[in-house]
Amino acid sequence: MIGNDIVDLRDPENQTIARHPRFDARVFAPDERAMLDEGADGERMRSMLWAAKESAYKFLRRSIPGLVFSPPKYVVRLSSLVAASVEAAGRRVPVRFDACEDYVHCIARDPRMAAEEIIARIVPVAGGQESVVVRLAAIAALAEVLGEDPESLRIERNERIPTLTRRGRAVPGTLSLSHHGRFAAFAWTSRGCAEVVGAIHDGVSGALPPAAVSSFRCRGRRDPGKSPRS
Ligand SMILES: CC(C)(COP(=O)(O)OP(=O)(O)OC[C@H]1O[C@@H](n2cnc3c(N)ncnc32)[C@H](O)[C@@H]1OP(=O)(O)O)[C@@H](O)C(=O)NCCC(=O)NCCS
C-alpha cells in the first residue's frame, strides 16, 4: 500500500491559507499548531504537515472503505526533516518527504516496505490538465518498468482511487496520484506481488536511484518546510 501528495510551495493559494486565521485551528492538532508557532519556517512546515495528512489518508482509505478525511484527526509526528509518522484511524503510518524550494512531496507507505520498493516521479504541469498529465507520466514510466506496451495500460478510477490496469485487468500493485499548482506526482509499488516486483527489479536494476525519482529538477534543493491547500 502507498499514498502520496505534492504541494507546490509557490502556489498563491498557500499564502491565502497561511494568512487565514481559522485555517490552522480547523486543520491541525494542538501539537502540530505548537510546532508551527515555534518553527522558523512556518509556511514550509504547514505544507509538510498537510502533505503527510493527505498521503496517510490516501494510504489508509485503500484498506478502510468509507474512511473520512478529517485533517486534525491525522496527527503528524516529525522524526526528522525528512521522515514522520501519521497517527489516524488507530494506525501509525510512516511517511517520507522529498522537498526543495519548489515543492514538498510526501509518500506514505506500509511500515514493512523499503524505500527501494517505491517508484515515484514528479512532473511539471503547465496549462492545466493535471489529471491527464500525471496519468500519462505514470503510464509511460510504468510501461518501461514493467516491460509493457504503454497502449496496453490504463489508469481506472474507483471511488476516485486510481488503479493501474493492463488490458482491462488490475496490475498487482498500488498507484497513488497527486497534483497541485505546477506539479503532479505519482508513486507506485508492487510490494507483495512477487512476480511484478521481480519484473521491476530486473527491468530497472541500476537505472533508478534507491527511493524517489524526480523528472523535475529543483533549482536549490534543501530539506523540508512551506504551506498547504485545503
Ligand atoms: C483524497 C483527497 C484528500 C485528495 O485531495 P485533492 O485535493 O483532490 O488532492 P490531490 O491532487 O493530492 O489528489 C488527487 C488524486 O488523489 C487520488 N484520490 C482521490 N481520492 C482518493 C482516495 N480516497 N484514496 C486514494 N486516492 C485518492 C486521485 O487519483 C486524485 O487524482 P484525480 O483527481 O486526477 O483522479 C480529497 O479528495 C478528499 O478529501 N477526499 C476525502 C473526502 C471525504 O472524506 N469525504 C467524506 C465526506 S463526509
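**View 1. Val 75 and its partner in β3.** Val 75 has Glu 87 of β3 as its bridge partner. The model shown here is predicted: local features need pLDDT of at least 70, side-chain atom pairs count only at pLDDT 80 or more, and totals for chains, interfaces and linings use all residues. Numbering starts from 1 along each chain as its sequence is written. β2 and β3 (residues 83–88) run antiparallel and are joined by four bridges; pairing requires at least two DSSP bridges between two strands. Strands (E, at least two residues) and helices (H or I, at least four) are DSSP runs, numbered from the N terminus.

View 2. Five strands follow the order β1-β5-β4-β3-β2, with antiparallel pairing. At the edges are β1 (2–8) and β2 (75–78), each pairing on one side only. Lying across β1, β2, β3, β4 (91–99) and β5 (103–109) is α4 (residues 42–61), which runs at about 150° to β1. Such angles, from 0 to 180 degrees, are taken between N-to-C directions of lines fitted to C-alpha atoms, for helices over the stretch in contact; contact puts C-beta atoms, placed from the backbone, within 7 Å.

**View 3. The shell around the ligand.** Here 16 residues surround the ligand, with Lys 58, Ser 131, Arg 160, Leu 177 and Ser 178 the closest. A residue counts as near if its C-beta atom, placed from the backbone, lies within 6 Å. At least two shell residues come from each of α4, β8 (161–166) and β10 (174–180).

**View 4. Confidence along the chain.** The average pLDDT, the predictor's confidence in each residue from 0 to 100, is 84 for the protein, and 81% of the residues score at least 70. Over residues 193–215 the pLDDT falls below 50.

Key: Two residues are in contact if their C-beta atoms, placed from the backbone, lie within 7 Å.
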